[in-house]
2 protein chains.
Amino acid sequence: MDIANTIEQTRKFISMARQQGKSIGLVPTMGALHEGHLSLVQHSLSECDFTVVSIYVNPTQFGPHEDLEKYPRPFDKDCKACREQGVDLIFAPGPDDMYVDPHLTWIDIEKLGDGLCGQSRVGHFRGVCTVVAKLFNIVLPDVAYFGQKDAQQLAILRKMSSDLNFPIEIRSCPTIRESDGVAMSSRNQYLASEQRKQAVCLLESLKLAVELIKSGQRNTLAIQREMSEKIEQFSDAKIDYISIVDNELLQPVDTVSGSVLIAVAVWIGSTRLIDNIMVDLAV
Amino acid sequence: MDIANTIEQTRKFISMARQQGKSIGLVPTMGALHEGHLSLVQHSLSECDFTVVSIYVNPTQFGPHEDLEKYPRPFDKDCKACREQGVDLIFAPGPDDMYVDPHLTWIDIEKLGDGLCGQSRVGHFRGVCTVVAKLFNIVLPDVAYFGQKDAQQLAILRKMSSDLNFPIEIRSCPTIRESDGVAMSSRNQYLASEQRKQAVCLLESLKLAVELIKSGQRNTLAIQREMSEKIEQFSDAKIDYISIVDNELLQPVDTVSGSVLIAVAVWIGSTRLIDNIMVDLAV
């Protein structure tokens, strides 16, 4: 496994792989790799000849009061995990390598970024779109892998890639969960032991929504109300949002029909967690 | 010469050229080709193995009251000119092929797009950046060619390409002029014969600015005042802007020093013309 710290090095490694006729898979990450990331890596390894993992805590997707500084950066551990999986190349630019001052170009997406996490994380998806476009242009992958856990990010990046004609396939992989069902996240490690127990409230509310829909409930307000009550049973939980949206443009729906995304964001103490589930009545 | 009307066809032609180890040059145009465009084509033909000319009147760079509908579209004549030059491929998507409804992704650039043409053409450079990024991702050229006549567009696209890490070299080519010095433009054909004569006012004002600087004038307000007076001698001319800006971020300067761009936009009747000149005191 090679580790490239600069864009130029990375391009050289990629170019060599290309010359050997290899297909390239990219797994963009902010490091602090968990089983969720490694599942993306495994998908890439099984589908592409050359797997690149980028590790970069992208400052432009953090708001001014978010956790940029304290975001975990266990780089050696991440490298070890990638090496064990069989990753070909880690691209780990330094904090200032990705943005040359003054960086002035931004990619924005209408509609898809307005609701859900976009409401409390203003500018977040602009930062995500911009850095992912940069990674796409640096690595020039055939396939890029993203987790279904970040459902809004996934929908936005799919749309960005298609609107801007990136010649890249966006592949999504299912959310990987801990034994108690909590979605794996690098932010779970912020939680104290009692808080960690309460993190199950997200999936429990989503499961409740699925049950309600199975039993015939189609009114999203009613479903959201019951989800809210479920989460409020957990003393450390504070709801950021509970949203039921169409699966394409992520716009709120009044009635469950076709394919919908049910997404929640909950503060557990000072840690914000997200989770989601897709419900497809057409299937 | 091949003509591709769809993105898919274009990708096939490009991919074949790539497999033959050919380097790709792209000349993005809105058609109505004149000697200025053909000079870009010639640069590409001399530097790249495979030259692509895109012909697409991009609706998203026109304002609601601009000349989208009446913009000239002499497609057969353009094809003939390209064939005579030795162009390998024309990419001419239909009006709706480039933007799939709903198109939601936009590339914006800070600072560089605020002044000059950005002031009277709100949203213009957002449309330009977005369509050029799309063309870059469709054609994947090694080199893309743009005219110095559109100096602000050139500076913006250079910055966009570098900020987003497109693996593409942006090459600029000098403005090509008619025998009376008027910069070639597809919009010149809108001018009635008497108006056409008055179009020399742009270059005359720029030449005056150069003379003033050569004779020691460094105060940009004074230079702009004299340029303004020069243009006002032409009865059909109405000044949109006269700007003297630094050559990197295109910010107005009080004093001429180092490398500056002097740019003018003038309405001749209902036709808006632009021209510019670079002055480099460091050389």
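Guide: First, a term. Helices (H or I, at least four residues) and strands (E, at least two) are DSSP runs, numbered from the N terminus. Residues are numbered from 1 along each chain as its sequence is written, while chains are lettered from A and ligands numbered from 1 in the order in which they are written. This is a predicted model: local features need pLDDT of at least 70, side-chain atom pairs count only at pLDDT 80 or more, and totals for chains, interfaces and linings use all residues.

Start where the chains meet. Two residues are in contact if their C-beta atoms, placed from the backbone, lie within 7 Å. By that rule, 22 residues of chain B touch 22 residues of chain A. On the chain B side, the elements giving two or more residues are E5, helix H5 (124-139) and helix H6 (151-163). E5(B) gives the largest share, five residues. By class, this side of chain B has 12 nonpolar, four polar and six charged residues. Here Ala, Val, Leu, Ile, Met, Phe, Trp, Tyr, Cys and Pro count as nonpolar, Asp, Glu, Lys and Arg as charged, and the others, Gly among them, as polar.

Now look at the strands themselves. Two strands pair if DSSP finds at least two bridges between them. E5(A) and E5(B) pair in the antiparallel sense, over five bridges. In this pairing, Asp108(A) stands opposite Trp106(B) of E5(B).

In chain A, the loop between strand E4 (89-91) and strand E5 (105-109) holds Pro102(A). A cis peptide bond links Asp101(A) to Pro102(A), with omega about -5°. Chain B has Pro102(B) in the loop between its strand E4 (89-91) and strand E5 (105-109). Asp101(B) and Pro102(B) are joined by a cis peptide bond, and omega is about -5°.

Then step past E5 in chain B. Lys111(B) lies in the loop between E5 and helix H4 (117-120). Its phi is near 65°, a positive value in a residue other than glycine. A residue is buried if 20 or more other C-beta atoms lie within 10 Å of its own, exposed if 12 or fewer, and partly exposed in between; C-beta atoms are placed from the backbone. Lys111(B) counts as partly exposed because it has 15 C-beta neighbours inside 10 Å.

One more loop of chain B. Leu250(B) sits between strand E8 (237-246) and strand E9 (259-268). Leu250(B) is not a glycine, yet its phi is positive, about 55°. It has 22 C-beta neighbours inside 10 Å, so Leu250(B) counts as buried.
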